[in-house]
Amino acid sequence: MNSQILDQLKRDKILDLLKTGKRIDGRTLDEQRPLIIETGVIPKANGSARVKLGNTEIITGVKIQPDKPFPDLGDKGILICTAEILPLADPNAEPGPPNEEVIELARVVDRGIRETEMIDLHQLVLIEDKSVIGMFIDSSVIDSGGNLFDACSYASVAGILSCTVPKWEIKDDAPVLVEGVASKPPIKTLPVSVTMARIGDYIIVDPTKDEESCMDGRITITTNSDGNICAVQKGGSDGFTAEQLLQCAETALTVGRKIRKQFEQLM
Amino acid sequence: MTEDGIRCDGRRLDELRNISIKVGVLKNADGSAYIEFGKNKILAGVFGPRDVHPKHMANPDSGILRCRYHMSPFSVTERKNPAPSRREIEISKVIKEALQPAVILKDYPRTVIDVFIEVLQADGGSRCAALDAAAVALADAGIPMRDLVSACAAGKVADRIVLDVNNEEDQEGQADMPVALMPNIGKVTLLQLDGMLKPEEFKTCMQTALVGCKRVYEVQRKALMEKYFQNGEQ
C-alpha cells in the first residue's frame, strides 16, 4: 500500500522532470546507462559474461554439449536461452517456480537471439536427425535495477561471443569429444535489444527500476546488424499510438548501433 | 503463394479468414463469447468483479484483471500436455496487458475480474482470436470499458506483407506480428514480432495489421449488437 503512494509521488516527480527534458539520474531521454561487459568470468562454462547496465547486474554462462535434435528440426543445432531472477537480486523475488514476469523475460531474451538468427544452427549438426550440438545460454539476474530485458540480452550475446565450441567426432553413431580442439561459434549477426518505457507522453530508453515502477507501457525491440527489426514485445498496462511505436523502432535502430560497436570489440 | 498474390488457402494478401462471434454462450459466466477465426475455435468466459483470492492480491485503489489462456490437449495436431506451458503463461500475460487499458478497473477496488480463455482448436493467430473473444466477453459481462480491443496479425510470407497469417504461413513465413488495437481511442495495446523485417516493412506490416483490427472490430460490434439490440432498437 505504501509503495503505491510512493509510486504515485515518484511518477509526479519523474514526469515533472521529463517535461524539462531530464531524467532522475540526469540522462537524456534516449540515453542508456553505461554498459560494462566482462567475459570469461566462469572458466568452467564454455562461455560466460558478467554485465552491468547501471545498477542491474547479470551473470550468463554458456554450456555446450551434444544433444538429440528436435524431431522436426533435424538439420539444426539446439539453442536455448533462459533467464532467472535470483532471490538475492531483489527483495520481491522469491525462490520457486518462475512467475509470469520471469517467463516473459526468458522468452523475450530467447526470441531476440533466435529470430535475429545470431547463430548459424545448421553448422551445429553432427549427424542429421540424430545428433546435434546444443547451446544453452543461462542468465541469472544477480542485482535488479531495472531493464532486465536488455541486460539479460546483452549478457547472453556477450556470453555467446566469448564462447568456444568443443569438437565432437562420431564413433559408432555416438559423439566423442576431441580433446584440445575448439572453434569459435558460427556467428551470423549481432542482435541488440533496446527497451523503452512510456511515461505519459514521453518515451525513455533503458528505464531504471524507479522509472519502471511508474511507467504506462514498455516495448522491447531487437534489431540485427543489417538494420532489420527481428523481435518485438510490448508490455505494461497501457498502450502506445502507432506513431509512438514507429518512433520506438527508429530509436531501437540508432541506440542499437552504439551497443553493437561494444559487442564488436568482443569479437 | 501464386504470382498474383493468391495465398495457400485461396485468400488475397489483405483478406481476413472468416470470423464469426457468438455472445453469451455460457450460462455460469458473467459474460462469455465464442469465436471462430479461420479454423480457430475459442471460448472466453468472464467472472467478476468479485472477491479476490488469495486476498493479498487485492488492490485497495483499483480492481485487478487476471487472465488465463489455455489450450485444450486436443486443440493441436500432436496432443498437448494439459499443464500450462511457458508459451501459454506468456500469452496470458500479454493478453491481460492488452485488455487492461480498456477496462475501467478503478471503479472496482479490492475486486478481481477473471478472464478465462480456452482454445478448443488452434490454427495460427490464436492469441489474437482469443483476445477478440475475451474483449467481447468482457463487454457481455457488463464491465465498463473505454473501448473494445480488436486484434489481428500481419506477417511476411514469400517476401510479401500479408494480413492474418494462418498456421501454414506462420510455419513457413518470414515474420509474424500480432497486434491489438483499441479502435476508437487509437491505442495499440499488444504488439509482438518474431521474424525479420526491414524498417519500412515493419511500418507496412503494422499498418496492415491495424486495418485488420478495424475490420475485426466491425465483426465484434455486430455480434454484440445482435445479442443486445435484436429488435432493431439502438
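**View 1. A:Asp110 and its surroundings.** With 21 C-beta neighbours inside 10 Å, A:Asp110 counts as buried (buried means 20 or more other C-beta atoms within 10 Å of the residue's own, exposed means 12 or fewer, partly exposed lies in between, and C-beta atoms are placed from the backbone). Before going further, please note that this is a predicted model, in which local features need pLDDT of at least 70, side-chain atom pairs count only at pLDDT 80 or more, and totals for chains, interfaces and linings use all residues. Residues are numbered from 1 along each chain as its sequence is written, while chains are lettered from A and ligands numbered from 1 in the order in which they are written. A:Asp110 sits in helix H2 of chain A (helices are DSSP runs of H or I with at least four residues, strands are runs of E with at least two, and both are numbered from the N terminus). Leaving aside residues up to four places away in sequence, A:Asp110 touches A:Ile80 and A:Cys81 (two residues are in contact if their C-beta atoms, placed from the backbone, lie within 7 Å). Between the C-alpha atoms of A:Asp110 and A:Gly61 there are 14 Å, with 49 residues separating the two along the chain.

**View 2. Helix H2 of chain A from end to end.** The 16 residues of H2(A) reach 22 Å from the first C-alpha to the last, close to the 22 Å expected at 1.5 Å a residue (the expected span is 1.5 Å times one less than the number of residues). Of these 16 residues, 13 are buried, so H2(A) is largely enclosed by the rest of the structure. H2(A) is followed by A:Glu117, which has a positive phi near 55°.

**View 3. H2(A) against H3(A).** Helix H2 (residues 100-115) and helix H3 (residues 148-162) of chain A cross at roughly 45°, and their axes come within 9 Å (axes are lines fitted to C-alpha atoms, for helices over the stretch in contact, and angles run from 0 to 180 degrees between N-to-C directions). That makes H2(A) oblique to H3(A) (under 35 degrees is roughly parallel, over 145 roughly antiparallel, 65 to 115 roughly perpendicular and the rest oblique). From H2(A), the contact includes A:Val108 and A:Val109; from H3(A), it includes A:Phe149 and A:Cys152. By class, this contact has eight nonpolar, three polar and no charged residues (Ala, Val, Leu, Ile, Met, Phe, Trp, Tyr, Cys and Pro count as nonpolar, Asp, Glu, Lys and Arg as charged, and the others, Gly among them, as polar).

**View 4. H1(B) against H2(B).** In chain B, helix H1 (residues 86-99) and helix H2 (residues 126-140) pack at about 45° with axes 10 Å apart. H1(B) and H2(B) are therefore oblique to each other. B:Ile91, B:Ile95, B:Ala98 and B:Leu99 of H1(B) meet residues of H2(B) that include B:Arg127 and B:Leu131. The contact of H1(B) with H2(B) divides into nine nonpolar, no polar and one charged.

**View 5. H2(B) against H4(B).** The axes of H2(B) and H4(B) are 11 Å apart, at an angle of about 35°. Among the residues in contact are B:Asp132 of H2(B) and B:Gln220 of H4(B). Six nonpolar, one polar and one charged residues make up the contact of H2(B) with H4(B).

**View 6. Where chain B touches chain A.** Chain B brings 29 residues to the contact and chain A brings 28. On the side of chain B, H1, strand S9 (187-197) and helix H4 (199-228) each supply at least two residues. S9(B) gives the most to this side, with eleven residues.
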